[in-house]
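Hi,

Here is the structure we talked about handing over. Have a look at it first, and my notes follow below.

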Amino acid sequence: MSEFSARPPRRHAPIIPIAASPAAPVPGNLASPRLLPLPAPGEDALASAGQPLDALARPLRDLRISVTDRCNFRCGYCMPRSAFGRDHAFLPHGDLLSFEEITRAARIFLSLGVRKLRLTGGEPLLRKDLERLVGQLAALRTLDGTPPDITLTTNGTLLARKARALKDAGLRRVTISLDALDEARFRQMSDSGLSVEEVLAGIEAARQLDLGPLKVNMVVQRGVNDDQILPLARHFRSTGIALRFIEFMDVGATNRWDMAHVLPSQEVRARLHAAYPLQRIGSQPAGETAERWAYADGQGEVAFISSVTQAFCGDCNRIRLSTEGRLYTCLFASQGHDLRSLLRQASPEPDARIAARLLALWQTRSDRYSQLRGTAQAPASGARRIEMSYIGG
Ligand code: SAM
Ligand code: SF4
Ligand code: SF4
């Protein structure tokens, strides 16, 4: 059965071109220059039980933790070499949150209702001894007493070496990014000397260790790697690994984003459907960014992440912690809130006091960038947005 019109589509954000990102290289740290203190707790904040809702009634469930701003790739849509070249100033080691600081922050977030912890970057597997952090996070508990769901997003090149230690430490799942199967196209996309074979070896290691359900992310850029949609689909069909097609997003300020290079999920799906008929999979859980579709012949599933053409801000339950301890309530934010200074104070604030400040931050959150993109309510374009490699996906 063709399912292309079986269910009314989610509310569409209008597909209106917005200005392409400026191309000029920017020296130094590309993080947001605007740093705010965390808000003071409201009078009743300390007394109110966890599980806050934001200003748009969205709960807080998912903490994304960036553990490094460095990467061994230079994907053009994320860390173009023109902006992240040899002289780019990455964060000095002393600025990074320590594993103990990250664990403390995660513990406080879990007390506010967070259930999922995603480690990201930059390339998270470049952070030395990452398994030690995973072990510390795995010992934490959510509000209902269960271990947090710990996941990792990686480009996969170091995964074959690290998968066993990560699994033993308590990592549950991994998502691996792969934008091409063809070697030349892969090298062009990653702008690195690394090979597809290394990523496939990482995926295989994760599969053998049951770090699943395994997902592979492909960022699709029209006219750049859209010729890889079918080869990747063919490769992962029948393997139990879900390939997810991500629309090229206007995140950051260096990737020369242009609507002309966005291939809407609907078009990706149509191309795929012509080769391998698809059926939509039931209802999506709240907060889920990916829309799942199954191969009609039972050979697995794929998913579409359509941040540009089908905004999913309505149930966005994610907050992001940068490598240096700044909090961002939206991927497209241009200002962060300073958590690190609270974690590093000479006379430390008790966890409950920091929790109350985080509660106050979440309760005033009203971000919905993707929904507003291209509308009159869209935030002014003057403020510099944070880079994806700094804050993580
Ligand atoms: N280095 C790791 C990786 O590539 O998986 C983790 C960090 S990366 C920033 C996280 C995810 O963001 C990846 O799946 C990547 O493809 C995606 N991403 C980065 N820039 C993007 C963009 N401009 N549009 C859409 N997805 C993007
Ligand atoms: Fe590195 Fe991931 Fe960004 Fe590519 S998408 S440059 S692998 S951080
Ligand atoms: Fe969430 Fe911001 Fe993305 Fe909307 S644009 S889904 S609020 S991160």
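To start with the overall build, how many helices and strands are there in the protein chain? There are 11 helices and 13 strands, where helices are DSSP runs of H or I with at least four residues, strands are E runs of at least two, and both are numbered from the N terminus. Before you read on: this is a predicted model, so local features need pLDDT of at least 70 and side-chain atom pairs count only at pLDDT 80 or more, while totals for chains, interfaces and linings use all residues. Residues are numbered from 1 along each chain as its sequence is written, and chains are lettered from A and ligands numbered from 1 in the order in which they are written.

The protein chain has 393 residues, and 45% of them count as buried (20 or more other C-beta atoms within 10 Å of the residue's own; 12 or fewer is exposed, in between is partly exposed, with C-beta atoms placed from the backbone). Of the contacts with a separation of 6 or more, 79% are between residues 24 or more positions apart; a contact here is two C-beta atoms, placed from the backbone, within 7 Å.

Leu35 gives you one example to click on. This residue sits in strand 1 (residues 34-37). Leu35 counts as partly exposed because it has 14 C-beta neighbours inside 10 Å. Beyond four places in sequence, its contacts are Arg326, Gly336 and Asp338. Arg326 is 291 residues away along the chain, yet the two C-alpha atoms are 7.9 Å apart.

Next, the helix pair. The axes of helix 3 (residues 159-169) and helix 5 (residues 196-208) come within 8 Å and cross at roughly 20°, so the two helices are roughly parallel to each other (angles under 35 degrees). On the helix 3 side the contact is made by Leu159, Ala160 and Ala163, and on the helix 5 side by Ala201, Gly202, Ala205 and Ala206. That contact divides into 6 nonpolar, 1 polar and no charged residues (Ala, Val, Leu, Ile, Met, Phe, Trp, Tyr, Cys and Pro are nonpolar; Asp, Glu, Lys and Arg charged; the others, Gly among them, polar).

Finally, the ligands. Around ligand 2 you will find residues including Cys71, Cys75, Cys78, Arg74 and Glu123, counted if the C-beta atom, placed from the backbone, lies within 6 Å. That shell has 5 nonpolar, 5 polar and 2 charged residues. Ligand 3 is surrounded by residues among them Cys313, Cys316, Cys330, Arg318 and Asp367, and its shell divides into 7 nonpolar, 1 polar and 3 charged.

Cheers

Terms used
Axes are lines fitted to C-alpha atoms, for helices over the stretch in contact, and angles run from 0 to 180 degrees between N-to-C directions. Angles under 35 degrees count as roughly parallel, over 145 as roughly antiparallel, 65 to 115 as roughly perpendicular and the rest as oblique.
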